[in-house]
Amino acid sequence: WADSLAAPQGDVILTVSGAIANTNDDGLARLDMALLDGLPQHSFATSTIWTEGVDTYEGVLLTDLLAALGATGTEVLAKALNDYEITFPVADVTSDGPLLAYRTNGNPMSVRDKGPIWMIFPYDTVEAFRTEQTYARSIWQLDRIMVTE
């Protein structure tokens, strides 16, 4: 990843822009499922305030994605398909979360079921994530991230 970012071969599900060093399309990192799968994968089981029961979410930690893209900014702006957006400090991105989940219980997440990507946290195991601020950051139908200075 540090040398060059391959062009996506499949449907692009996430576009990252801004203060990133590794791109594949005129200053952008356009990522398909295969490129995301090439990053370290993580999963956890948790319940959420939007779903019933406990599900297992799989994907890429935001911290790993930012590192792979050589992000140097101080803030993250995340946008959804419906233009809902949130901004938060890069300093809040930890190895505990958030997870950019694109599979639930082993299945790709459809737009109807909060996909293509849901930025989700391990609410059940980390009490600090059970806050209104974290719930507001739990953006689903995520398709764009901008890293800003």
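Reader: Leaving aside its neighbours within four places in sequence, which residues is Ile145 in contact with?
Author: This is a predicted model, in which local features need pLDDT of at least 70 and side-chain atom pairs count only at pLDDT 80 or more, while totals for chains, interfaces and linings use all residues. Residues are numbered from 1 along each chain as its sequence is written, and side-chain values use heavy atoms, with hydrogens and water left out. If contact is taken as heavy atoms within 4.5 Å, and neighbours within four places in sequence are set aside, the partners of Ile145 are Leu14, Thr15, Val16, Ser17, Leu62, Leu65, Val76, Leu77 and Leu100.

Reader: Which residues of the largest nonpolar core touch the most other members?
Author: A nonpolar core is a set of buried Ala, Val, Leu, Ile, Met, Phe, Trp, Tyr and Cys residues joined through side-chain atoms within 4.5 Å, where buried means under 20% relative accessible area, exposed over 50% and partly exposed in between (1.4 Å probe, protein chains only). The largest core has 31 residues, and those that touch the most other members are Val16, Leu65 and Ile145.

Reader: Which helix or strand gives the most to this core?
Author: Helices (H or I, at least four residues) and strands (E, at least two) are DSSP runs, numbered from the N terminus. At least two core residues come from each of strand S1 (12–18), strand S2 (29–32), helix H1 (33–37), helix H2 (62–68), strand S5 (75–80), strand S6 (85–89), strand S7 (99–104) and strand S10 (142–148). The element that gives the most, with four residues, is H2.

Reader: Is Val76 buried or exposed?
Author: Val76 is found in strand S5, and, with neighbours within four places in sequence left aside, it is in contact with Leu66, Ile86, Thr87, Phe88, Val90, Ile145 and Met146. Its relative accessible area is 1%, so Val76 is buried.

Reader: How many aromatic pairs does the structure hold, and which residues do the ring pairs link into a cluster?
Author: Rings of Phe, Tyr and Trp (its six-membered ring) pair if their centres lie within 6.5 Å, and the planes decide the kind of pair: under 30 degrees apart is stacked, over 60 is edge-to-face and the rest is tilted. The structure holds nine such pairs. The cluster that ring pairs link together consists of Trp50, Tyr57, Trp118, Phe121, Tyr123, Phe129, Tyr135 and Trp140.

Reader: What kind of pair do Trp50 and Tyr123 form, and how many residues apart are they?
Author: The ring centres of Trp50 and Tyr123 are 6.2 Å apart and the planes stand at 65°, so this pair is edge-to-face. Trp50 lies in the loop between strand S3 (42–46) and strand S4 (55–61), and Tyr123 in the loop between strand S9 (118–120) and helix H3 (132–137), so that the pair links distant parts of the chain, with a separation in residues of 73.

Reader: What kind of aromatic pair do Tyr123 and Tyr135 form?
Author: Tyr123 lies in the loop between S9 and H3 and Tyr135 in helix H3, so the pair ties together parts that are twelve residues apart in sequence. Tyr135, at 16% relative accessibility, counts as buried. The rings are 5.6 Å apart, centre to centre, with 50° between the planes, and the pair is tilted.

Reader: How far is Lys114 from the ring centres of Trp118 and Trp140?
Author: A charge sits over a ring if NZ of Lys or CZ of Arg is within 6 Å of the ring centre and within 35 degrees of the ring normal. Lys114 lies over the face of Trp118, where the distance to the ring centre is 5.6 Å. Lys114 also lies over the face of Trp140, where the distance to the ring centre is 4.5 Å.

Reader: Where is the residue Pro116, which a cis peptide bond joins to Gly115?
Author: The bond between Gly115 and Pro116 is cis, with omega about 10°. As for its place in the chain, Pro116 lies in the loop between S8 and S9.

Reader: What is the phi of Gln141?
Author: Gln141 has its place in the loop between H3 and S10, and its relative accessibility is 18%, so it counts as buried. Although Gln141 is a residue other than glycine, its phi is positive, with a value near 55°.
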